[in-house]
Amino acid sequence: MTGQFWPLLKRDLARLLLGGRGGGALLPILFFLCVAMLYPFAVGPDAALLARTGGGVIWVAALLAAILPLDRLVEPDIDLGLFDQWTLRGISEELVITVRVLAHWLSFGPPLMLAALPAAALLGLDGHSLLTVEIGLLAGTPGLAALGVTVAALTAGLRGGAALGGLLVIPMAVPVLIFGAGSLGTGGESGLALTAAASLVLLAIAPFAGGAAVRAARG
């Protein structure tokens, strides 16, 4: 299992981080920072309002940044027949999806946490709010990665699959967003715990739902 895991992870990371025409990991980060820069212009110079709503804006920007590479997560490998080759080599779809979730998270989760530092300054968040946002992103972005890969597998092969996938991810990610953004209010620790719980549920479901979806798409 270990011998199969690391080569798959190395391949997926190289493809998602560099990205080729898709822009790699740089595009989600630039998108995330653009949202953080434009939001203060939209709401005006009210520092109290920015501080009160900035954390939620960071979460929405994180979700949208996670959706950007949706069309590159599963469908190209199905089109190239790579899942068929992996199956012939005894590598299950569930293992491939598990590795893909990890690679997807590594390609956008930690970079977004770093990008949250300048974003917090632009949005006027104080140190405590920034710490809460960072812990929330650490807990919640793995779930967003799992959800993105699962939906990418479900919509692979469909016409307009990327757009449909984005429309599916947004409502399904609402619990993570609610708990993550809610942790910035009262009862922050419980909000973070619920964010982590929702994320763990998505991580547990992703390999099996994604693997079944890939088998259906191949059939």
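The model is predicted, and local features were considered only at a pLDDT of at least 70 and side-chain atom pairs only at pLDDT 80 or more, whereas totals for chains, interfaces and linings use all residues. Residues are numbered from 1 along each chain as its sequence is written, and side-chain values rest on heavy atoms, with hydrogens and water left out. The protein chain has a mean pLDDT (the predictor's confidence in each residue, from 0 to 100) of 88, and 94% of its residues reach 70 or more. Helices are DSSP runs (H or I, at least four residues), as are strands (E, at least two), numbered from the N terminus. Confidence is highest in helix α7 (residues 127-154), at a mean of 94, and lowest in helix α8 (residues 161-172), at 82. Where pLDDT is low, the predicted coordinates should not be read in detail.

Two packed helices are described by the angle between their axes and the distance between the axes. Axes are lines fitted to C-alpha atoms, for helices over the stretch in contact, and angles run from 0 to 180 degrees between N-to-C directions. Angles under 35 degrees count as roughly parallel, over 145 as roughly antiparallel, 65 to 115 as roughly perpendicular and the rest as oblique. A crossing is left-handed if the near helix is turned anticlockwise from the far one by less than a right angle, and right-handed if clockwise.

For α7 and α10 (residues 188-218), the axes come within 8 Å and cross at roughly 20°. Helix α7 is therefore roughly parallel to α10, and the crossing is left-handed.

Residues are numbered from 1 along each chain as its sequence is written, and side-chain values use heavy atoms, with hydrogens and water left out. The protein chain has a mean pLDDT of 88, and 94% of its residues reach 70 or more; pLDDT is the predictor's confidence in each residue, from 0 to 100. Confidence is highest in helix α7 (residues 127-154), at a mean of 94, and lowest in helix α8 (residues 161-172), at 82. Helices (H or I, at least four residues) and strands (E, at least two) are DSSP runs, numbered from the N terminus.

Two packed helices are described by the angle between their axes and the distance between the axes. Axes are lines fitted to C-alpha atoms, for helices over the stretch in contact, and angles run from 0 to 180 degrees between N-to-C directions. The axes of α7 and α10 come within 8 Å and cross at roughly 20°. That makes α7 roughly parallel to α10, where angles under 35 degrees count as roughly parallel, over 145 as roughly antiparallel, 65 to 115 as roughly perpendicular and the rest as oblique. The crossing of α7 past α10 is left-handed, a term used if the near helix is turned anticlockwise from the far one by less than a right angle, with right-handed used if clockwise. Ala, Val, Leu, Ile, Met, Phe, Trp, Tyr, Cys and Pro count as nonpolar, Asp, Glu, Lys and Arg as charged, and the others, Gly among them, as polar.

Helix α10 (residues 188-218) also packs against helix α6 (residues 93-123), with axes that come within 8 Å and cross at roughly 125°. These two helices are therefore oblique to each other, and α6 passes α10 in a right-handed crossing. From α6, the contact is made by Glu93, Glu94, Ile97, Thr98 and Val101, and the residues of α10 include Leu203, Pro207, Phe208, Val214, Arg215 and Arg218. Seven nonpolar, three polar and four charged residues make up the contact of α6 with α10.

Helix α6 has a further partner in helix α3 (residues 47-67), the two axes coming within 10 Å and crossing at roughly 155°. Helices α3 and α6 are therefore roughly antiparallel to each other, and their crossing is right-handed. On the α3 side the contact is made by Leu50, Ala51, Gly54, Ile58, Ala62, Ala65 and Ala66, and on the α6 side by His104, Phe108, Leu112, Ala119, Ala120 and Leu123. Eleven nonpolar, two polar and no charged residues are found in the contact of α3 with α6.

Leu50, in helix α3, is buried, with a relative accessible area of 8%; buried means under 20% relative accessible area, exposed over 50% and partly exposed in between (1.4 Å probe, protein chains only). Leaving aside neighbours within four places in sequence, Leu50 is in contact with Tyr39, Pro40, Val43, Gly44 and Leu123. Pro40 lies in helix α2 and is buried, with a relative accessible area of 18%. Not counting residues up to four places away in sequence, Pro40 touches Leu50, Leu122 and Leu123. The C-alpha atoms of Pro40 and Ala120 are separated by 11 Å, although the two residues are 80 residues apart along the chain.

Ala36 is likewise found in helix α2 (residues 26-43) and is buried, with a relative accessible area of 3%. With residues up to four places away in sequence not counted, Ala36 touches Ala119, Leu122 and Leu123. Ala145, in helix α7, is buried with a relative accessible area of 0%. Beyond its neighbours within four places in sequence, Ala145 is in contact with Val101, His104, Trp105 and Phe108.

How values were computed
Contact = heavy atoms within 4.5 Å.
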